[in-house]
Amino acid sequence: MKLKLLSTVTMVAVLGLAGCANPDVYSGDVYGSGAAKQAQSVTYGTVSTVRPVLIQAGDENPNLIGTLGGGAVGGILGHQVGGGTGQVLATAVGAIAGSMIGSRTEDKVNQVKAVEIEVRTDSGENLIVVQKADRDWQPGQRVRLVGSGSNLSVAPY
């Protein structure tokens, strides 16, 4: 009974921590602390194309929580099976399977719906910006590009 409770608590903790990822950082409406009180360049243009894409968040520690948490839960559940050598084998198989499932689950949890926006600037340059899909962008829509390089976002004009 204690092991079932421990398994449930561990799974809830793993899923809870995986849900702590902040997908809003990919929005064109959210600025990082380094951009606050900094001059930003502005370019104007027109949206050429919009394509739905996914941003795979969590690249800093790829699947660490899911892999470790899934492995722990799988090992605990596998330990419930059989006895002796069979129990050791079931524990190992459960830990490996749990790690794989936890890793895949964290991959899916960390995906953010986004759009790839191609903008033709007024100076004739074509730029592509990928950001969170939190607006309905349309080809022909006038926009402003704020920032530069890896700190560039598309905003309505």
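Tyr-157 lies in the segment that follows strand S5 (151-156), strands being DSSP runs of E of at least two residues and helices runs of H or I of at least four, numbered from the N terminus. The model is a predicted one, in which local features need pLDDT of at least 70 and side-chain atom pairs count only at pLDDT 80 or more, while totals for chains, interfaces and linings use all residues. Residues are numbered from 1 along each chain as its sequence is written, and side-chain values use heavy atoms, with hydrogens and water left out.

The protein contains three helices and five strands, in the order α-β-α-α-β-β-β-β from the N terminus.

Tyr-157 is exposed, at 62% relative accessible area. Val-53, in strand S1 (residues 42-56), is buried, with a relative accessibility of 16%. Beyond four places in sequence, Val-53 touches Val-112, Lys-113, Ala-114, Val-115, Glu-116 and Val-130, a contact being heavy atoms within 4.5 Å. Of the contacts in the protein with a separation of 6 or more, 67% join residues 24 or more positions apart.

The average pLDDT (the predictor's confidence in each residue, from 0 to 100) is 76, and 62% of the residues score at least 70. Over residues 17-21, pLDDT stays under 50, and the model has four contacts beyond four places in sequence for this stretch. Where pLDDT is low, the predicted coordinates should not be read in detail.

Notes:
Buried means under 20% relative accessible area, exposed over 50%, partly exposed in between (1.4 Å probe, protein chains only).
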